[in-house]
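Here is a friendly note to read alongside the picture. Keep the structure open while you go through the points, and find each residue as it comes up.

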Amino acid sequence: MADYQGKKVVIIGLGITGLSCVDFFLSRGVIPKVIDTRAAPPGMERLPPEVACHSGSFQPQWLAEADLIVASPGIALATPELQTAADNGIEIVGDIELFCREAKAPIVAITGSNGKSTVTSLVGEMAKAAGLSVGVGGNIGIPALSLLKANHQLYVLELSSFQLETTNSLQATVATVINLSEDHMDRYPHGLQQYRAAKLRIYNQAKYCIVNQQDALTLPATGADQRCISFGVGQGDYFFDQQQRQLVVHGQPILAVSDMLLSGQHNYTNALVALALADAVGIPRKASIEALKHYPGLAHRFQLVHFNHGVRWINDSKATNVGSTEAALQGLKVEGTLFLLLGGDGKSADFSALKKYLVADNIRIYCFGRDRAQLAELRPEITQQTETMEQSMQLIAKQLHSGDMVLLSPACASLDQFKSFEHRGHEFARLAKELG
């Protein structure tokens with residue numbers, strides 16, 4: 001356990017994670033100060049009166065006097081104010097680093113461009129099925145520091161590249177980078193390799209590494225080593241057999257995918273990753289298989305929200321990047337027409353990787369939001385642009401026949417027109433029921 005007594009601590013960024021940091025320090029007899037550059041930061045009303053808070057801008061004096069700065073993952077380390085503090089030798093960490101210094105139970109650490117929330121919650125369900133007390137959180141659900149309040153036997157953490165940038169003490173029993181594709185390029189000016197370097201930090205002190213046989217970018221920086229266990233489609237220590245439609249581990253078939261509630265090839269590989277992680281921390285296989293059979297998947301992740309007159313409306317609003325939309329389209333079979341909704345804030349991404357999934361004759365594309373014009377260039381002859389998602393859905397609703405699918409898999413962040421990807425997904429589901 002680290003000792004913070006007598007330290008001047010400044011927390012940058014409030015919200016649910018910032019409040020968990022405040023709570024953590026107060027429980028250790030340290031009164032931190034809080035800075036949030038937003039004028040009205042969320043959670044302000046829950047701050048204890050003894051904690052000073054400066055909002056609307058940075059507070060250079062507080063930063064200059066700090067012994068320790070705890071930065072929200074939303075604040076880039078390249079921000080000039082943080083750069084100055086780092087140059088002055090002030091330690092900058094995130095909430096995950098604070099957590100790792102305290103945690104006593106084994107940690108399963110999960111990152112990747114896509115699928116990490118599904119894998120994280122699935123491993124959590126496997127642990128629960130085995131009767132373990134498990135803390136699931138990090139970048140999903142509960143902030144990591146809040147998990148320390150219970151006496152858990154296992155921690156399962158979803159970690160973003162931003163969180164990993166400020167984490168040095170993570171010693172995961174098992175870690176995975178599920179896949180890697182362009183995301184957050186607005187935060188990584190040096191491109192994919194800079195983003196990858198942040199992700200790969202998850203392996204630094206891990207006992208086992210679960211790597212994607214079909215994505216060399218997920219291997220440790222020095223290449224595959226004796227810690228590595230692989231997964232993939234048709235190949236790997238854990239693989240999906242497309243012919244027999246089953247999950248195979250070390251050559252042994254263990255579950256037919258028809259026995260799972262999850263569907264889609266990307267979900268079968270997510271299931272394999274979860275299984276490999278669970279095996280590595282000693283969760284009994286029987287419990288893991290039970291969880292796989294009953295796990296329904298996450299909301300807003302390729303979720304069937306309405307089915308009427310033979311038309312399926314699929315909410316994949318969590319597809320906030322290109323790789324995630326690729327995962328949804330890969331191997332997708334639609335007997336009628338696929339009406340694909342793309343749009344939002346592309347975060348400076350290159351959308352061209354989607355082209356190869358949009359060549360079929362039975363696809364129609366509707367683009368909305370900030371980057372609609374750029375997305376429409378993928379296949380202009382079958383694309384219509386509207387300002388809003390609702391306008392696109394109204395146009396689609398007039399053309400539907402049995403066997404068609406309406407798929408919201410936007411390849412973009414939602415914040416240009418919605419509060420969050422969840423808000424976008426709820427709106428899609430509401431309109432699907434209304435229009436369909």
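1. Let us begin with a term: two strands pair if DSSP finds at least two bridges between them. Please keep in mind that this is a predicted model. With that term in hand, look at A109, whose bridge partner in β8 is L157.

2. That pair belongs to a longer contact between neighbours. Strand β6, residues 107-111, is joined to β8 by four bridges, and the two run parallel. On β8 there is also β7, residues 134-138, joined to it by five bridges and again parallel. As background, strands of a sheet pair through backbone hydrogen bonds, either parallel or antiparallel.

3. Is β8 mostly enclosed or open? Five of the five residues of this strand (154-158) are buried, so β8 is largely enclosed by the rest of the structure. A residue counts as buried when its relative accessible area is under 20%. In a regular strand the side chains alternate between the two faces of the sheet. In β8, L154, V156 and E158 are on one side and Y155 and L157 on the other, and all are buried, which leaves both faces covered.

4. Now step back to the whole sheet. Nine strands form an open sheet with mixed pairing, in the order β7-β8-β6-β9-β10-β11-β12-β13-β14. At its edges are β7 and β14 (252-256), each of which pairs on one side only. From one strand to the next, the twist averages 20°.

5. Further along the sheet, β11 (residues 228-233) and β12 (residues 238-241) run parallel and are joined by three bridges. Within this pair, G232 stands opposite F239 in β12. Helix α9, residues 265-280, packs on the sheet and touches several strands, including β6, β11 and β14. The direction of α9 makes about 150° with that of β12.

6. Next, the nonpolar cores. Which residues touch the most other members of the largest one? Among its 48 residues, these are F25, V70, F99, L170 and I202. Helix α1 (residues 15-27) gives the most to this core, with five residues. Beyond its neighbours within four places in sequence, F99 is in contact with I107, A144, L145, L147, L148, Y155 and L157. Apart from this core lies another, of 39 residues, among them V108, A127, V134 and A276.

7. P143 deserves a look of its own. This proline lies in the loop between β7 and α6 (144-147), and is buried, with a relative accessible area of 5%. What does P143 touch, not counting residues up to four places away in sequence? The answer is I16, T17, S20 and G138. P143 and G18 are 125 residues apart in sequence, yet their C-alpha atoms are 9.1 Å apart in space.

8. Finally, empty space. Rolling a probe the size of a water molecule over the atoms shows where empty space is left. A search of the whole structure finds one cavity of 30 Å³ or more. The largest cavity holds about 70 Å³ of space. Its lining includes A71, S72, P73, D95, F162 and R187. Helix α7, residues 161-165, gives the most to that lining, with three residues.

Technical notes: Residues numbered from 1 in each chain as written. Predicted model: local features only at pLDDT ≥ 70, side-chain atom pairs only at ≥ 80, totals over all residues. Heavy atoms only, no water. Buried < 20%, exposed > 50% of the residue type's maximum accessible area, 1.4 Å probe, protein only. Axes fitted to C-alpha atoms, helices over the stretch in contact; angles between N-to-C directions. Contact = heavy atoms within 4.5 Å. Core = buried A, V, L, I, M, F, W, Y, C linked by side-chain atoms within 4.5 Å. 1 Å grid on protein atoms, 1.4 Å probe; cavity = no way out; pocket = protein on both sides within 12 Å on 5 of 7 lines; lining within 4 Å. Points joined across faces, edges and corners; volume = space filled by probe spheres on them.
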